Number of protein chains: 2
Amino acid sequence: MGKTLAYKILENHLVEGTLTPGGEITIKIDQTLTQDSTGTMVYLQLEAMNIEKIKTELSVAYIDHNTLQTGFENADDHAFIKSVAKRHGVLFSKPGNGICHQLHLENYGIPGKTLLGSDSHTPTGGGLGMIAIGAGGLDVAVAMAKGTYSLPVPKVIKVELTGKLRPWVSAKDIILYVLQQLTVKGGVGKIVEYTGEGVKSLSVTDRATITNMGAELGATTSLFPSDENTKSYLASQGREKDYVELSADADAVYDEELKVDLSSLTPLAAKPHSPDNVDSVKNIGEIKINQVAIGSCTNSSYTDLMKVSEILKGQKIHPDVSLVISPGSSKIMSKMAENGALANMINAGARIIENACGPCIGMGQSPESGAVSLRTFNRNFKGRSGTLDADVYLVSPETAAISAIKGVLTDGMISGCNLPSIPEENFIPNDNFIVYPKGTNKNNTEVSMGPNIKPFPQNKNLPDELTATIVLHAGNNITTDDIMPSDSRLLPYRSNIPYLANFCFEKIDKDFSTRCKEAKEGAIIGGENYGQGSSREHAALAPLYLGIKFVLAKSFARIHRSNLINSGILPLVFENPDDYDTFSLGQKLIIENARQQVKNKIVIVKNIETGKEYRTITNFSDLDIEMILAGGKINSIKK
Amino acid sequence: MGKTLAYKILENHLVEGTLTPGGEITIKIDQTLTQDSTGTMVYLQLEAMNIEKIKTELSVAYIDHNTLQTGFENADDHAFIKSVAKRHGVLFSKPGNGICHQLHLENYGIPGKTLLGSDSHTPTGGGLGMIAIGAGGLDVAVAMAKGTYSLPVPKVIKVELTGKLRPWVSAKDIILYVLQQLTVKGGVGKIVEYTGEGVKSLSVTDRATITNMGAELGATTSLFPSDENTKSYLASQGREKDYVELSADADAVYDEELKVDLSSLTPLAAKPHSPDNVDSVKNIGEIKINQVAIGSCTNSSYTDLMKVSEILKGQKIHPDVSLVISPGSSKIMSKMAENGALANMINAGARIIENACGPCIGMGQSPESGAVSLRTFNRNFKGRSGTLDADVYLVSPETAAISAIKGVLTDGMISGCNLPSIPEENFIPNDNFIVYPKGTNKNNTEVSMGPNIKPFPQNKNLPDELTATIVLHAGNNITTDDIMPSDSRLLPYRSNIPYLANFCFEKIDKDFSTRCKEAKEGAIIGGENYGQGSSREHAALAPLYLGIKFVLAKSFARIHRSNLINSGILPLVFENPDDYDTFSLGQKLIIENARQQVKNKIVIVKNIETGKEYRTITNFSDLDIEMILAGGKINSIKK
């Protein structure tokens with residue numbers, strides 16, 4: 001039986017487990033990447049593990065999220081990451097170099113390798129034929145320390161591309177179409193593997209647009225074969241030596257299949273407020289627009305921006321539109337500054353901002369109240385632009401550029417304008433934004449810790465007797481955003497858990513953090529689906545800092561449950577959900593013989609006030625037990 | 001008796017009064033400019049005056065301060081200004097076009113004309129031979145409404161330039177030298193007029209650097225003659241027709257004189273935390289630097305940035321330095337994107353950020369804690385960078401660029417490197433960032449008012465008895481930055497005085513606004529040079545909102561004094577400066593028969609607690625008295 005490309009690469013990296021959906025495997029991680037908003041925590045954790053040398057072939061610390069620097073905090077984070085990178089042999093990419101995923105594609109991605117990144121759009125590397133997975137920061141720290149990563153074995157979806165895109169239709173429209181078909185939950189627990197004749201007509205950066213935004217399917221990752229186009233892309237970056245041909249077996253068996261006829265696609269847009277709320281630009285109609293934003297890790301490649309430049313050349317941006325462009329990397333911007341493409345954009349009235357994530361993560365360029373904003377980005381969640389009542393539409397660079405001129409959402413196919421084809425360029429390698437850790441190590445490099453960077457909170461060995469006061473009795477569907485809000489006001493404090501902890505649960509209960517500090521040891525009672533939403537590790541770290549010992553809920557969201565265990569906080573599920581109602585705020589609880597009970601996987605919680613005992617379901621794996629007894633993952637690794 | 005150039009231009013524009021120092025004149029204003037952080041208030045005021053048509057020859061509304069847009073507020077301000085500009089016949093310069101002063105020099109400045117701008121660096125236009133004055137926003141609104149502006153007749157200082165600058169010494173070093181000689185108070189009530197052979201060796205943009213930063217002398221404005229260099233600059237911008245030759249009479253008589261031998265100057269730097277704390281780079285020594293920032297209305301001209309590019313070409317920015325460059329205008333950036341200069345900068349590892357004020361006004365790029373930051377800007381007040389404990393040094397672009405490579409403050413003359421000369425370029429006129437008000441007027445244009453735009457506070461008729469509690473006893477050299485901080489956190493609220501007022505004087509006294517609210521009617525005791533620094537009207541409007549009735553100080557900075565009178569707040573000067581020490585916080589003061597005393601121009605303040613009476617100097621003009629009695633300028637105009 002033939003193999004999928006995904007399983008071939010996983011098999012090559014298998015350390016533990018078998019490749020059967022339903023099980024769990026541990027794989028070797030060749031490369032890691034971090035960005036700065038998750039990175040400070042990753043490197044605080046790496047420091048806490050006290051290792052001698054990282055085990056990956058290559059690890060890179062990028063700065064691309066917090067580059068506005070509207071206070072000392074951002075620059076302090078950059079300085080901290082630079083210093084820790086030096087200590088541990090990690091490459092440091094200075095702010096201004098560009099967006100991590102675009103930079104990694106250009107400079108370091110290698111077909112057939114594995115990449116773990118502390119950013120959900122790490123699958124961009126799949127455009128080069130890598131297994132590139134986004135993960136929590138602690139997982140990335142552990143991957144650097146141990147060289148491995150554990151994950152549930154994914155299923156593989158085949159997406160077969162046939163035909164060829166017409167002018168004004170591009171890679172963004174392909175992934176928008178796939179999102180329309182599979183929805184934002186369609187990829188959960190799966191790798192999306194692209195095959196078929198149509199693949200040959202897509203450049204590596206086209207492919208990277210698709211694998212990048214595959215994150216919006218909820219997929220583990222997305223993957224393209226490595227072929228002649230891959231070879232010429234690597235050659236254009238001066239890295240032909242990194243080329244390996246890779247593809248699935250012709251008779252590979254997939255778990256699911258989707259066929260896409262490229263020649264039938266038209267320009268599409270994801271309407272507010274979800275990336276899978278897709279319709280054709282033609283159907284949506286010529287709505288008036290206030291802002292157009294081009295860039296982000298999805299659509300800021302050289303080819304994307306050259307197409308934009310060609311469309312803007314000699315034209316004038318509509319007076320009612322603010323067009324803002326952020327190139328993906330310094331190399332791209334430099335090339336466009338050499339060949340006149342950037343001048344064309346500026347002359348048309350485009351705003352050029354720094355090579356960084358910028359407006360995609362709400363870091364600047366928030367549109368006006370009630371605005372319609374077209375963006376070439378990957379997410380259009382309500383409020384993500386920084387303007388709560390703005391309507392964000394996700395479109396291709398071509399659609400964005402022609403619409404910026406017209407002042408209304410415009411289907412380029414209907415406009416009748418010609419689109420020139422953009423040849424791939426050769427780039428001159430330039431590492432002037434890279435700080436190498438050569439000659440530096442743990443002993444000759446000081447860690448730079450600005451006043452906003454606080455040590456990472458750590459748990460202790462699980463005691464035999466665990467007592468706690470109920471500090472919150474929460475409802476159903478509590479999100480990680482409820483637990484630890486992460487707006488532009490709090491983002492600069494990602495490295496400062498003691499400060500962040502003051503805002504823990506603030507939307508639900510303003511007194512939560514004060515109450516925890518008084519109680520010293522706390523417990524949370526939760527409803528169904530506790531901890532849903534983003535994978536935010538800080539939603540476990542802030543409660544840890546506040547002394548939360550266990551959460552007793554009707555059910556847990558998967559990633560948050562892992563994050564709690566990683567922090568040594570017990571996630572316990574009511575055996576009888578009706579017990580939920582019998583608790584109230586301020587009551588004292590106790591788990592006797594806690595260590596033995598955890599080992600036995602049956603934990604009984606006693607309410608000291610009522611004397612009543614409650615059986616809970618733990619579903620602990622052996623690894624979970626090890627971590628809980630040690631007081632979290634880092635302590636467990638240090639042993 | 002020969003005339004100074006300053007008096008020639010003033011005479012040409014005289015509407016009322018006589019040109020004798022000590023008196024007050026009203027002059028015709030040909031042009032106005034606003035930027036967005038003061039502009040929203042200007043246009044709210046213009047709207048409140050309910051005029052039919054503006055009376056200036058040209059008025060331009062620029063957007064350059066609040067361009068980060070970390071929330072909906074900035075874009076709402078832009079939309080508001082654009083809509084009001086359309087209603088009143090004002091040109092609107094879209095965000096991304098660049099910095100108002102650089103843009104005005106390039107596109108609209110005309111020798112011999114008068115320009116009033118709601119930004120303290122409006123004197124930049126003096127480089128073109130204009131009388132260009134920075135004023136409070138209300139003055140600019142009135143200039144648009146009535147076509148005039150009133151000011152005390154300034155004295156004229158002659159600065160005679162001889163010799164020629166050596167390589168690595170440039171216009172910035174000239175103004176730093178002048179600041180060292182005259183100090184930040186040396187220009188108060190004066191126009192600084194540059195003459196002498198040395199003038200011929202300075203291009204218009206060199207001159208504009210000098211007149212721009214002349215604002216730091218506290219001068220009314222600074223002025224260069226209009227000569228062959230002016231002609232060729234205007235020609236390079238496609239505006240040769242705007243050229244007029246202008247100079248002082250050979251036998252002109254000046255009030256003061258300063259001689260500067262250009263050939264004796266060396267690279268200079270203003271040390272923390274004042275622009276007149278000047279020493280030579282050589283004396284300061286090779287201190288380690290963390291950040292270099294190049295740009296701002298002082299040093300972001302084409303020639304400045306070309307010099308930087310030539311220095312950076314083929315070099316690598318020091319790994320420990322973050323070099324950030326913000327070009328002055330879209331035209332400059334476009335030209336540098338065409339001729340490879342921008343690529344040289346990027347390739348060396350420079351961060352390119354939007355054409356805007358940016359880090360100069362603390363709008364992003366705050367350096368790390370305790371950093372040393374070299375900046376080509378005009379102000380290095382403590383905390384202005386957004387990092388309270390950073391040390392900011394003001395230097396020339398040449399010194400900034402060579403230091404960014406070396407990683408330490410570097411004197412280029414000593415470095416021995418050669419500096420190529422940069423020829424003036426011809427620019428192709430491009431108005432794609434400009435929105436013209438053609439065909440629009442008050443009746444066919446709606447005002448766009450986002451939710452953060454609040455009506456501006458208005459005073460009432462001056463009562464007969466003015467009582468107030470001392471809410472602050474401040475020291476010398478209080479800046480408008482001290483009075484109304486304007487960091488990245490607060491800038492988005494420039495259109496929202498009720499919110500801003502909460503942060504009034506917060507760096508000096510955290511309880512100030514609370515104390516004012518309790519006192520209801522407040523008075524401030526100040527030292528020398530109260531209200532120096534930027535022209536920020538909000539430094540009068542926030543105190544107005546908080547109920548401040550008068551400020552009693554040893555002396556006032558000119559623009560702030562006007563802003564106080566415009567708001568109906570009395571600026572009173574101690575007849576005996578030693579009286580300053582006899583006041584203390586919380587004491588109640590009274591001005592009896594206030595209306596009559598103001599009319600008599602002698603105001604006596606009585607301390608109710610001690611019973612002691614204090615004579616004050618008012619120096620009120622008749623117009624001042626009219627405004628104070630009416631409760632501010634708008635009330636006075638509406639009558």
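**Figure 1. Overall organisation of chain A.** The domain assignment, which is automatic or taken from a database, divides chain A into domain 1 (5–264), domain 2 (271–411) and domain 3 (466–634). The centres of domain 2 and domain 3 of chain A, taken over C-alpha atoms, are separated by 41 Å. This is a predicted model, in which local features need pLDDT of at least 70 and side-chain atom pairs count only at pLDDT 80 or more, while totals for chains, interfaces and linings use all residues. Residues are numbered from 1 along each chain as its sequence is written, chains are lettered from A and ligands numbered from 1 in the order in which they are written, and side-chain values use heavy atoms, with hydrogens and water left out.

Chain A contains 22 helices and 27 strands; helices (H or I, at least four residues) and strands (E, at least two) are DSSP runs, numbered from the N terminus. Its C-alpha trace spans about 80 × 50 × 50 Å along the principal axes. The radius of gyration of chain A is 25 Å, which agrees with the value near 26 Å that a compact globule of 639 residues would have; the radius is taken over C-alpha atoms, and the globule rule is 2.2 Å times the number of residues to the power 0.38. Of the 639 residues of chain A, 65% count as buried, where buried means under 20% relative accessible area, exposed over 50%, and partly exposed in between (1.4 Å probe, protein chains only).

Figure 2. A:Asp482 is placed in helix α15 (residues 480–483) of chain A. Although A:Asp482 is buried, it has no salt bridge, a term that requires a side-chain nitrogen of Lys or Arg within 4 Å of a carboxyl oxygen of Asp or Glu. The nearest side chain of opposite charge is that of A:Lys507, 4.1 Å away; Lys and Arg count as positive and Asp and Glu as negative, while His and the chain ends are not counted. Leaving aside residues up to four places away in sequence, A:Asp482 touches A:Asn477, A:Phe505, A:Glu506, A:Lys507 and A:Ile508, contact meaning heavy atoms within 4.5 Å. Among these residues, A:Phe505 has a positive phi of about 60° although it is not a glycine. A:Phe505 is found in the loop between α16 (497–500) and α17 (512–519) of chain A, and it counts as buried at 0% relative accessibility.

**Figure 3. Helix α11 of chain B.** Eight of the nine residues of helix α11 (residues 330–338) of chain B are buried, so the helix is largely enclosed by the rest of the structure. The buried residues are B:Ser330, B:Lys331, B:Ile332, B:Met333, B:Ser334, B:Lys335, B:Met336 and B:Ala337. B:Gly340, which follows α11(B), has a positive phi near 90°.

**Figure 4. Helix α21 of chain B and its cover.** In helix α21 (residues 622–630) of chain B, the buried residues are B:Asp624, B:Ile625, B:Met627, B:Ile628, B:Leu629 and B:Ala630. Their cover includes α19 (558–566), β24 (570–574), α20 (594–600) and α22 (633–638) of chain B. After α21(B) comes B:Gly631, with a positive phi near 85°.

**Figure 5. A salt bridge between the chains.** The side chains of B:Asp320 and A:Lys82 meet in a salt bridge, at 2.7 Å from N to O. B:Asp320 lies in the loop between α10 (302–312) and β16 (322–325) of chain B and A:Lys82 in helix α3 (residues 72–88) of chain A, so the pair joins two chains. B:Asp320 counts as partly exposed at 23% relative accessibility, whereas A:Lys82 counts as buried at 15%.

**Figure 6. A salt bridge within chain B.** B:Glu47 and B:Arg87 form a salt bridge, their closest N and O atoms being 2.9 Å apart. B:Glu47 lies in helix α2 (residues 36–49) and B:Arg87 in helix α3 (residues 72–88) of chain B, so the pair ties together parts that are 40 residues apart in sequence. With a relative accessible area of 14%, B:Arg87 is buried.

**Figure 7. Cis peptide bonds.** In chain A, a cis peptide bond with omega of about -5° joins A:Pro272 and A:His273. In chain B, B:Pro272 and B:His273 are joined by a cis peptide bond with omega of about 0°. B:His273 lies in the loop between β13 (268–270) and β14 (278–280) of chain B.
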